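Morning, everyone. Please have the model open on your screens. I will keep this short.

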Amino acid sequence: MRGTTELDAVERTALLTAALRAAESRRPDHLYDDPYAEALAGEDGPALLAEVRAATFPKDTARTLPSTPDYNAIRTRLLDDWITAVVSGDDAPAQVVLAPAGMDSRPYRLDWPAHVRVFEVDRPAVLDWKEERLGDAEPRVRRTAVRADLVEPDWEDTLIAAGYDPAAPSVWLLEGLLYYIPGPDAERILARVAAITAPGSPVAADIVNAAALTAPSMRGLLDVFAGWGCPWLFGSDEPEALFARHGFAATAVQPGEPDADFGRWPDPVPPRSETGVRRVFFVRGVRE
């Protein structure tokens with residue numbers, strides 16, 4: 001069995017995400033069920049989750065950090081619902097791109113229309129680990145693994161060579177990506193996605209705001225990720241403007257707002273007019 005030593009620091013956070021999804025699936029009130037998450041998390045995922053839990057829920061003091069388990073549960077459910085909706089209908093896009101794919105098991109656990117093809121883009125070490133852990137599991141959609149690095153200069157060529165048609169509508173999911181890369185790289189990735197995306201194509205992502213990178217109330221969580229070698233590097237207070245710069249008309253919501261709560265978010269939701277507070281956004285938009 002392949003080890004996780006071939007995964008870099010950011011890639012190993014995909015194991016954390018899988019562990020979070022496994023833990024959520026075990027809850028009687030789970031927001032979704034991911035039967036593959038435990039296998040994808042491996043042995044390292046639960047250990048990473050234990051570190052996050054220890055920082056988030058200290059034994060002797062009140063919680064000040066946002067609840068990563070609740071955030072992850074809401075994110076997964078919201079994006080499950082979103083992607084299911086945007087691929088439904090006779091005129092819906094037939095191409096879905098998960099970039100990066102990480103330990104996303106949606107091709108294996110969601111119900112997909114027959115016309116859809118899913119491209120999973122990620123570095124070879126990630127996709128090799130994933131496919132080995134999934135073993136004989138059969139995807140429920142036509143799935144194509146695209147072994148490419150999103151910060152390298154030619155990943156678009158690799159995607160197109162795998163069968164992606166940039167002239168046809170597509171669905172793009174940029175989940176758990178933008179805060180791990182420097183701002184200029186985040187801008188470049190959005191520009192490059194826009195360059196190979198037809199008008200009318202839906203896009204979704206999650207992103208933190210600038211205050212979340214430095215706020216004292218975030219220090220414990222920031223220290224955990226920095227200690228793993230993958231500090232959060234980029235945030236935007238105006239995600240709608242960020243996506244608009246690259247040709248996407250987008251809206252952003254925070255966990256706990258009406259369509260991003262699911263009865264789960266435990267903290268107050270600061271209004272957008274309040275400055276200097278940490279935030280995370282779920283962004284959904286369309287290529288103009």
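What follows is a walk through some salt bridges and one arginine.

Ground rules before the details. This is a predicted model, where local features need pLDDT of at least 70, side-chain atom pairs count only at pLDDT 80 or more, and totals for chains, interfaces and linings use all residues. Residues are numbered from 1 along each chain as its sequence is written, and side-chain values use heavy atoms, with hydrogens and water left out.

How many salt bridges does the structure hold? The count is 32. The criterion is a side-chain nitrogen of Lys or Arg within 4 Å of a carboxyl oxygen of Asp or Glu.

Take R75 and E175. Their closest N and O atoms are 3.2 Å apart. The pair links distant parts of the chain, 100 residues apart. R75 sits in helix 4, residues 68–86. E175 sits in the loop between strand 4 (170–174) and helix 8 (183–195). Helices (H or I, at least four residues) and strands (E, at least two) are DSSP runs, numbered from the N terminus.

Buried or exposed? Both R75 and E175 are buried. Buried means under 20% relative accessible area, exposed over 50%, partly exposed in between, with a 1.4 Å probe and protein chains only.

Next, R140 and D111. Their salt bridge is 2.4 Å, N to O. R140 is in the loop between helix 6 (124–134) and strand 3 (142–147), and D111 in the loop between helix 5 (106–109) and strand 2 (117–122), so the bridge ties together parts 29 residues apart in sequence. R140 has 44% relative accessibility, so it counts as partly exposed. D111 has 59%, so it counts as exposed.

E238 is partly exposed at 47% relative accessibility. R272 is partly exposed too, at 34%.

Now the network. Salt bridges link R21, D34, R75, D80, D104, R106, R109, E175 and D206.

Let me pick out R109. R109 lies in helix 5. Its relative accessible area is 10%, so R109 is buried. What does R109 touch, beyond residues up to four places away in sequence? The answer is D33, D34, P35, Y36, T76, D80 and R140. Contact here means heavy atoms within 4.5 Å.
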